[in-house]
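Q: Can you walk me through this one? I have the sequence and the structure open.

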Amino acid sequence: MPSKIIIITILALLLIGFSILFIIEARNHNYDYKKDWVAVYFANPGDNSLDFAIENNEGEDAEYDYKILFGNDKTIEEKVAVEAGAKQKISPALDMNNLNGAEKIMIIVSNKDAEYKIYKNIK
Amino acid sequence: MVLDLLKLLLAIPFVFFLPGYFFSLAVFGRSSEKISFFERAVLIAPFSLILIDMAVLALNKMNVPIKGMVLIGTILIISLVGFIIYQYRFKKNSKSVEKSEETSRSEELFSFSFWQTIFILVSLVLAVFIRVAYLSDTILPSSTDLGHHMYWVQMIVESGKLPVYGMPDFIIGEHIIFAVFNLVSGVGVMTALPSLILFFINILGIFTLTILVARLFRNKNAIALSFFVAGVLYAVSAPQSKYVSGGVVGNIIGDMLIPVALYFLLRAFKEKNQIFAGLFLFSFLGILYTHHLSAFVFIFSMAAVLFLYLALNIKRAFGIIGNWARIFLKPVPILFFLFSIIYLLFIFTPSYFDKSAVSQATGAPSKITRVGLSLDQIEMNVGSARLLLGAIGIALLFLNFKPKKYKYSFTIGWTSVLFIMAYKPGWLYVNIPSDRIGNYLFLPLSVVSAYALAKYFELLKKSSTRFFASALLYTLLFFVITNGLSDSAEAFKTRPQFQETMETFHSAQYLAETTDSSKDVILKDHVNIYGDSWYKLFFMKDYKYPLSRGNLSRYDDPTKPREMCTRDMISKPESAEALKCFSETGVNYIAVNAQIEGKSFEAYPEFSKVYGSNYISIFKRN
């Protein structure tokens, strides 16, 4: 049998293989697709601002509890709903000049059993 | 997504087919007695790869920006030049070219029986299927080596010129082809693109080995079996799928080009043909520009082949050398030789072309990893079945030994020298990590394995005691198939680390958006963060930025003092050494694994935790 059939077959196989792999990569190259994680971070890590964001990559809409502590004193406790794959920015209305001597400001975000905390040590 | 896929699928034939096809037309014409359709189809992509490397090197030398339209124009010009040469050389005679006897012989070599064709097609389906299954769990760009390489590719894409590496670890030919695909198709490097290109080259390597087997043995069963031995056996282990997903670029391209160079050398000698001699030099130049280790291994392999042939024909040695000289001292090889010299000296000198690199790679082995592999390690490296078949193949070659025939010195010389380089490198003054050399052994062993199986089938047919011969054959095949396919189970067992990779990318993107790379300095952990080598692509500031804590064993180097700061600033950030390092390096952001170092860092009052996810924590030093 002529060798052309071998060349045509391998080209067809590669075409199928490439397409499958490319689509798998493109779908999974996404923070939310088939993932289950949350990110909490300060919008401005370099200064004393407390603006922060919660990113929901848990694959479904979720409601998060968050609280802000100055030292050991709880100052704010709120809930925020974040759609699947979305990011919610939060700018707490707090007086950064009245920290009551606290050296650490902590934000704790929780959902179900998981807890995420970020903080700034201010000395 | 679909548009990007279409662009990539259109770019592949444009880049890998067009220049090589017209080059083959210019060299062989449309229908040549020297080369079959199958061989031409296999060689088109290697030709394209080398031509594009050469063209980009020339563009860079002329300070022409390496951009998409420039590359598209360049590929079209190469193709046009090839077509003009073809018209000039062959068109006037085209009507009179009838299918000669030699053309028929070339085509006949690759005209398989029904069952041979079925066997080859099944082997190819298996070869592709196993690789796709394995790569489907690793296709998201995350491997360390690939991340390092893609930094340089991105550098070419962004700057429009070739980088100055400043280190001998990287070779320009490892990066050009990816940059070309990116610029021509518009598909980014942080996609499936690099792995797919490597996958293509890996599959192409099966075919280049096959045409070498064909011209060595002129045995159709051996050709058919070579698809199985090279494509299906140990399809996951290094240097196959694991090297594709791991981004071991130089090895993958080298494994494809080495058989091409040997194929042309063999045909130049056997057929006393100056065209093949020229193409041998051309493909050797391609190896030189692609990978230092492959070039090193190829030079040793070639030297062993030539030396063995001369030793086996010692009485005719001077005559043989004279014949070789007559083949290479003809216009075509001289032209290719001058072309190579001009490129190497004046257009672009590979970064490893210096005395220190040569002295590092030769001499007595300087490290424990370079003193050679044990036989068990070699068996692990190449696979028990391939080693067994290879040994049988060598034994069968000896049984039918004819020193005047090149196939004996090519197979035995190539296998022997690679075995010695891996087993006792000190004998040849080779000072290179032995496991890296061992990875090349699969090439000659695949060639002799295919021969072993083919020859065994022939012996079986002639055997008078068919029962014992059949029993032995089936036992051997059972062992080969079960052992050779055992690693393929891995293709279905791996757990994709897509989430970890995306969390790593997210943290890198966060740092890239919120820090000022002119005054902030980032340190990340390589030990416990998956896909961290891709961090640098989010900043594109420097190859060594962000700083990285490497594998801990690397800090214990008895041969030379190593910098310890990247380790100490993560491992013991409150120590006096680390404090000094923070002061000297200016590091003020540290990205670590949230579940490991992240927990420890939360106890340090000097740090604020500014980013937290399930996998990554980022701390800012106050």
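A short chat about the two chains follows.

Q: What kind of model is it, and how are things numbered?
A: This is a predicted model, in which local features need pLDDT of at least 70, side-chain atom pairs count only at pLDDT 80 or more, and totals for chains, interfaces and linings use all residues. Residues are numbered from 1 along each chain as its sequence is written, while chains are lettered from A and ligands numbered from 1 in the order in which they are written.

Q: What ipTM and pTM does the complex get?
A: The predictor gives an ipTM of 0.95 and a pTM of 0.94.

Q: And what is the mean pLDDT of chain B?
A: The mean is 91, and 97% of the residues of chain B reach 70 or more. The pLDDT is the predictor's confidence in each residue, from 0 to 100.

Q: How many residues of chain B are in contact with chain A?
A: 46 residues of chain B are in contact with 41 residues of chain A. Contact here requires C-beta atoms, placed from the backbone, within 7 Å.

Q: Which element of chain B gives the most to that side?
A: H6(B) does, with nine residues. Helices (H or I, at least four residues) and strands (E, at least two) are DSSP runs, numbered from the N terminus.

Q: What is that side of chain B made of: how many nonpolar, polar and charged residues?
A: There are 31 nonpolar, twelve polar and three charged residues on the side of chain B that touches chain A. Ala, Val, Leu, Ile, Met, Phe, Trp, Tyr, Cys and Pro count as nonpolar, Asp, Glu, Lys and Arg as charged, and the others, Gly among them, as polar.

Q: Back to H6(B). What does it reach from end to end?
A: H6(B) has 22 residues and reaches 31 Å from its first C-alpha to its last, close to the 32 Å expected at 1.5 Å a residue. The expected span is 1.5 Å times one less than the number of residues in the helix.

Q: What do its buried residues pack against?
A: The buried residues of H6(B) pack against helix H1 (4-28) of chain A, together with H9, helix H10 (220-231) and helix H11 (241-246) of chain B. Among those buried in H6(B) are B:Ile120, B:Leu124 and B:Tyr134. A residue is buried if 20 or more other C-beta atoms lie within 10 Å of its own, exposed if 12 or fewer, and partly exposed in between, with C-beta atoms placed from the backbone.

Q: What else does S4(B) pair with?
A: S4(B) also pairs with S5(B), in the antiparallel sense, over five bridges. A hairpin of two residues joins these strands, and B:Tyr611 has B:Ile618 as its bridge partner in S5(B).

Q: And what joins S5(B) from strand S3 of chain B?
A: Five bridges do, with S3 (residues 587-593) and S5(B) running antiparallel. There B:Ala591 stands opposite B:Ile618.

Q: Why is S5(B) largely enclosed?
A: Five of the six residues of S5(B) are buried, so the rest of the structure largely encloses this strand.

Q: New topic. Is B:Ser583 buried or exposed?
A: B:Ser583 counts as exposed because it has 9 C-beta neighbours inside 10 Å. Its place is in helix H26 (residues 576-585) of chain B.

How values were computed. Contact = placed C-beta atoms within 7 Å. Pairing = 2+ DSSP bridges.
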